[in-house]
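Okay, thanks everyone, let's get going.

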Amino acid sequence: MSANHGILCPEAPIQRTQYPYVTGTSVVAIKYKDGILMVSDLGGSYGSTLRYKSVERIKAIGKHSLLGASGEISDFQELLRNLDELILYDNMWDDGNALGPKEIHSYLTRVMYNRRNKFNPLWNSLVLGGVKNGQKYLGTVNMIGVTFEDDHVTTGFGNHLARPILRDEWHENLTYEEGVKLLEKCMRVLLYRDRSAVNKLQIAKITEEGVTISQPYSLKTFWNYAAFENPTSGAEGSW
């Protein structure tokens with residue numbers, strides 16, 4: 001009976017995230033005068049369908065860090081569970097110290113690279129920013145463990161469309177208002193050009209005083225540009 005059962009009903013293969021299902025698009029983050037600013041929209045795409053419009057992809061991690069994620073939402077949720085356990089374990093020591101953004105970022109790079117080496121990656125690009133002891137920190141890591149630190153970082157389509165804007169306009173003495181204006185400019189460009197983007201944003205900031213994540217809001221947009229109304233005008237070819 002067991003032999004026949006093995007022939008007729010073989011064990012199912014190991015299931016892994018070989019391709020993402022529900023995904024979020026770009027995250028953009030910058031250093032500003034007092035800390036870190038981060039923005040993402042609230043869209044969740046099921047394949048090419050913009051299925052969900054209230055998916056929050058920026059979360060506070062411990063006392064000193066802020067995490068944003070692009071990519072598979074369920075993998076991001078798994079990461080958040082792991083980070084909750086890490087922060088709880090750290091708090092249990094009750095030694096007056098807390099993990100800072102540099103330590104959290106280092107942990108994430110090891111997790112992402114470890115899963116990549118097992119051919120079972122967490123399908124995300126992550127942005128980790130924070131402030132501890134007056135030191136601002138901003139870094140990123142992707143699904144295969146590629147990681148770096150910078151004064152401004154982006155994920156997804158933002159690497160192509162928002163990063164050039166940041167290279168031109170970012171400077172280290174940005175005020176909060178100037179930083180928000182710059183991030184909104186980046187997100188407006190992404191909204192125009194990225195089919196997975198939705199006009200519903202959250203901006204988060206972290207300073208020595210703590211984390212603030214805004215309520216969702218929409219940007220003012222203008223869709224009557226001539227190139228939008230007639231995108232093939234002046235193009236060569238029959239189509």
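Let's start with the rings: searching the whole structure turns up 9 aromatic pairs. Rings of Phe, Tyr and Trp (its six-membered ring) pair here if their centres lie within 6.5 Å, with planes under 30 degrees apart called stacked, over 60 edge-to-face, and the rest tilted. One of those pairs is Tyr89 with Trp93: the ring centres are 6.1 Å apart and the planes sit at 90°, so that's edge-to-face.

Before I go further, the ground rules. This is a predicted model, so local features need pLDDT of at least 70 and side-chain atom pairs count only at pLDDT 80 or more, while totals for chains, interfaces and linings use all residues. Residues are numbered from 1 along each chain as its sequence is written, and side-chain values use heavy atoms, with hydrogens and water left out.

Back to Trp93. You'll find Trp93 in the loop between helix H2 (73–92) and helix H3 (101–117); helices (H or I, at least four residues) and strands (E, at least two) are DSSP runs, numbered from the N terminus. Is Trp93 buried or exposed? Trp93 counts as exposed because its relative accessibility is 57%. For the cut-offs, buried means under 20% relative accessible area, exposed over 50%, and partly exposed in between (1.4 Å probe, protein chains only).

Asp94 isn't a glycine, yet its phi is positive, near 50°. Asp94 is exposed, at 71% relative accessible area. Asn133 is another non-glycine with a positive phi, about 55°. Look for Asn133 in the loop between strand E8 (124–132) and strand E9 (135–141); at 66% relative accessibility, Asn133 counts as exposed. As a reminder, most residues other than glycine have a negative phi.

One more stop for the rings. Tyr192, Phe222, Trp223, Tyr225 and Phe228 are linked by ring pairs into a cluster. Within it, Phe222 and Tyr225 have ring centres 4.9 Å apart and planes at 85°, so the pair is edge-to-face. Phe222 is partly exposed at 40%, and Tyr225 is partly exposed at 42%.

Now the inside. Which residues have the most contacts inside the largest nonpolar core? They're Val28, Ile30, Leu37, Val39, Leu182 and Met187, in a core of 19 residues. A core, by the way, is a set of buried Ala, Val, Leu, Ile, Met, Phe, Trp, Tyr and Cys residues joined through side-chain atoms within 4.5 Å. At least two residues of this core come from each of E2, E3, helix H5 (163–169), helix H6 (176–193) and strand E12 (201–207). H6 gives the largest share, 6 residues.

Zoom in on Leu37: leaving aside neighbours within four places in sequence, its contacts (heavy atoms within 4.5 Å) include Val28, Ile30, Tyr176, Leu183 and Ile203. There's also a second, separate core of 16 residues, with Leu80, Leu83, Leu108 and Val141 among them.

Last topic, charges. How many salt bridges does a search of the whole structure find? It finds 6, a salt bridge being a side-chain nitrogen of Lys or Arg within 4 Å of a carboxyl oxygen of Asp or Glu.

Take Asp151 and Lys31, whose side chains meet at 3.6 Å, N to O. That pair links distant parts of the chain, 120 residues apart: Asp151 is in the loop between strand E10 (147–149) and strand E11 (152–154), and Lys31 is in strand E2 (residues 27–32). Lys31 is buried at 17%, whereas Asp151 is partly exposed at 30%.

Then Arg57 and Asp41, with their closest N and O atoms 2.7 Å apart. Arg57 is in the loop between strand E5 (49–52) and strand E6 (58–61) and Asp41 in strand E3 (residues 35–41), so the pair ties together parts 16 residues apart in sequence. Arg57 is buried at 0%, and Asp41 is buried at 1%.

That's my tour; over to you.
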